[in-house]
Structures are given as structure tokens and as C-alpha cells.
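Subject: A structure for you to look at

Hello,

Here is the structure I promised to hand over. Please open it first, then read my notes beside it.

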Amino acid sequence: MADFGTSRFFNTLPSGGGLSFYDITIDDNSGTPVSVSFTTQSCRIKYETESEQRFTPVVTSSLELEILIDSAAVETALENLIAAQEGRYTIKVEKNLSLYWVGYILADQIEFEDLSYEHKPTFKIKAVDGIARLKTVDYKQANGNAYSGKEMLVDHLRRIISYNTFPSSFFATTDQMLWSYLDWSETSATALFNTMRGTRVNHLAFINIDSDGNNVYTSVYDVLKNICTVFGARFFWSEGRYNFIQVNSYTNTSSTYTIYKWVLTLGNIAQVSSNL
């Protein structure tokens with residue numbers, strides 16, 4: 001079955017005034033890559049919130065992409081994309097060879113012109129970053145058992161991120177996974193104290209018990225939302241990484257962000273600090 005492979009298109013960024021290069025991969029990990037052409041200004045990323053309140057905890061993003069159907073191979077690939085189950089096809093966007101955005105293709109929202117490829121029609125793809133998909137996923141182990149004990153705050157966030165199962169080829173272990181900024185700590189903490197690693201949250205906080213004694217699990221999305229609410233923070237994808245930033249820090253002229261990189265296991269963390 002054909003997939004879309006990688007293709008490059010050019011786009012002038014209004015904010016930068018210069019020319020940037022975008023590599024886009026639409027993939028289901030099978031078939032032969034197909035080169036595709038993009039229309040001018042065809043790649044658009046939008047952000048949405050559940051409310052307009054200042055401390056909205058989670059911001060989701062979506063991408064719209066317009067592609068020319070200019071060959072039989074692209075036409076076949078489109079047919080495969082439309083027939084696919086949601087979540088099968090994923091999309092990766094690189095900006096100037098650096099990771100920029102990843103998401104899931106929404107097959108049921110594809111728009112296309114009913115013309116043969118000789119007429120060079122277009123079709124529009126919409127993809128989502130996957131954060132909202134976590135509303136229907138319970139925060140528990142893959143075998144159905146509950147998590148137990150206490151974990152560092154950063155490990156809870158990294159576990160939440162891992163529920164979006166993008167192809168491993170999308171990320172290098174050196175890619176930045178998560179930027180965080182938390183300016184809260186107890187008064188006795190030293191200057192070297194890291195709130196993300198020094199704060200531990202018990203998994204019992206996310207498990208309720210029904211009248212029959214069965215576990216009722218919190219959704220992954222609500223776990224994320226609750227953590228953000230407690231720390232006055234916001235979680236979102238931007239510039240090739242997830243961000244967990246306290247809202248009030250936006251007014252700071254300079255803040256030290258902790259950067260966590262992509263790794264294959266939850267406990268293996270690499271981090272550096274950067275003043276921005």
C-alpha cells in the first residue's frame with residue numbers, strides 16, 4: 001500500500017521575512033514513498049483551547065495541508081488515505097531540517113476535488129497533535145493494571161506524552177521533547193532544586209474506587225489537565241517540542257527553562273538549561 005513519503009516545499013514566513021524549507025512525511029510505515037507537490041501557503045497550524053480563560057491548562061493544535069494530485073501514484077495514495085482508520089497515518093513536519101510538528105491524519109475530514117489527476121486537482125488534509133485524543137484513554141498500564149507508588153512530576157508528563165504512539169523514526173534521542181518552567185518550590189529548597197524532578201505525585205491521586213470496589217481510572221487528558229491546574233501551568237506543542245510552562249512566567253524578561261530530550265525509556269533523562 002502506497003504512502004506519501006517525504007517531499008519538500010517552499011514557504012515564505014510572514015513573521016521572518018525569509019525563506020524556510022519544510023520537509024513533510026505522511027506515513028503508515030509501509031509501501032513505497034510517493035513524491036507530492038504542495039500548493040502555495042498550503043501548510044497552516046492552528047491552536048485551540050477549551051476556554052478563553054487566562055489559565056487554560058491545555059492548548060491543542062491542528063494542521064491543514066493542501067496537496068496537488070498530479071500523478072496516478074498520488075491519486076492511489078489519496079484513496080488509501082481516505083479508506084484508512086483514524087490514527088493509522090501520521091504526519092511529521094520538519095522546518096529547516098529540525099522537528100517542527102507531528103500529528104495524526106483525520107481521514108474522515110479529507111476534502112478533495114472529484115477530478116482525475118490529469119486536471120491537477122487538490123485535496124486538503126487535516127491532522128491533530130493527538131493531545132485531545134487522550135480524553136478517551138485511561139491512565140493505567142497497557143496490561144490493564146493500575147500504576148502504583150509515587151513518580152517524579154517529569155516522569156508523569158513523559159508517560160502522558162508516550163500515550164501518543166508516533167513512529168519512532170519521527171524522533172531522534174537528541175531531539176528536544178519537553179521544555180518546562182516551574183518557579184514554585186518550598187522556602188527551604190536550594191537554588192539547585194528542580195521542581196520537575198523534586199516533586200513526586202502518587203498514582204493514587206488519579207484512581208477512584210466505585211461502590212463495588214473496582215478502580216475507576218482518570219483519563220490521561222484529565223491527569224494532564226489536573227497537573228497543569230495545580231501548578232498554574234499550560235501544556236502545548238510548539239516549535240518541535242511539548243511545553244509545560246507556568247502562565248505567569250510569560251511576563252518574565254528572562255527565565256531558565258529545563259530541556260528534556262527524547263529517550264526510549266521513562267527513567268533515562270537528559271537535560272540542559274537555557275536562559276530565554
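Leucine 153 counts as buried, because its relative accessibility is 0%. Buried means under 20% relative accessible area, exposed means over 50%, and partly exposed lies in between (1.4 Å probe, protein chains only).

A word on the source before we go on. This is a predicted model, so local features need pLDDT of at least 70 and side-chain atom pairs count only at pLDDT 80 or more, while totals for chains, interfaces and linings use all residues. Residues are numbered from 1 along each chain as its sequence is written, and side-chain values use heavy atoms, with hydrogens and water left out.

Where does leucine 153 lie? Leucine 153 is in helix α2. Helices (H or I, at least four residues) and strands (E, at least two) are DSSP runs, numbered from the N terminus. Leucine 153 touches Leu182, Met196, Thr199, Val201, Ile227, Phe231 and Phe244, not counting residues up to four places away in sequence. Contact here means heavy atoms within 4.5 Å. The C-alpha atoms of leucine 153 and threonine 195 are 7.9 Å apart, although 42 residues separate the two along the chain.

The rest of α2 is mostly covered too: nine of its ten residues are buried. Among them are Val154, Asp155 and Arg158.

**Two helices that pack**

Two packed helices are described by the angle between their axes and the distance between the axes. Helix α2 (residues 153-162) packs with helix α4 (residues 220-231) at an angle of about 145°, with the axes 10 Å apart. The axes are lines fitted to C-alpha atoms, for helices over the stretch in contact, and angles run from 0 to 180 degrees between N-to-C directions.

Which residues meet? From α2 come Leu153, His156, Leu157 and Ile160. From α4 come Val220, Val223, Leu224, Ile227 and Phe231. The residues of this contact divide into eight nonpolar, one polar and no charged. For this count, Ala, Val, Leu, Ile, Met, Phe, Trp, Tyr, Cys and Pro are nonpolar, Asp, Glu, Lys and Arg are charged, and the others, Gly among them, are polar.

**Aromatic rings**

How many aromatic pairs does the structure hold? There are eight aromatic pairs. Rings of Phe, Tyr and Trp (its six-membered ring) pair if their centres lie within 6.5 Å; planes under 30 degrees apart count as stacked, over 60 as edge-to-face and the rest as tilted.

Take tyrosine 139 and phenylalanine 206. Their ring centres are 5.9 Å apart and their planes are at 85°, so the pair is edge-to-face. This pair links distant parts of the chain, 67 residues apart. Tyrosine 139 is in the loop between β8 (122-128) and β9 (150-152). Phenylalanine 206 is in the loop between β11 (200-202) and β12 (207-209). Tyrosine 139 is buried, with a relative accessible area of 2%. Phenylalanine 206 counts as buried at 6%.

Tyrosine 217, in strand β13 (residues 215-217), is in contact with Tyr139 and Phe206, among others, leaving aside its neighbours within four places in sequence. Tyrosine 217 is buried, with a relative accessible area of 17%.

Elsewhere, ring pairs link Tyr104, Phe166, Phe170 and Phe171 into a cluster.

The charged end of lysine 135 sits over the ring of tyrosine 221, 4.9 Å from its centre. Arginine 159 lies over the face of tyrosine 147, at 4.3 Å from the ring centre. The test is that NZ of Lys or CZ of Arg is within 6 Å of the ring centre and within 35 degrees of the ring normal.

**Two residues with positive phi**

Most residues other than glycine have a negative phi. Asparagine 96 has a positive phi of about 50° although it is not a glycine. Asparagine 96 lies in the loop between β5 (90-95) and β6 (98-105). Asparagine 96 is partly exposed, because its relative accessible area is 39%.

Glutamate 239 has a positive phi of about 55°, and it is not a glycine either. Its place is in the loop between β14 (233-238) and β15 (241-246). Glutamate 239 is partly exposed at 44%.

**The whole chain**

The chain has four helices and 17 strands. Of its 276 residues, 47% are buried.

Best wishes
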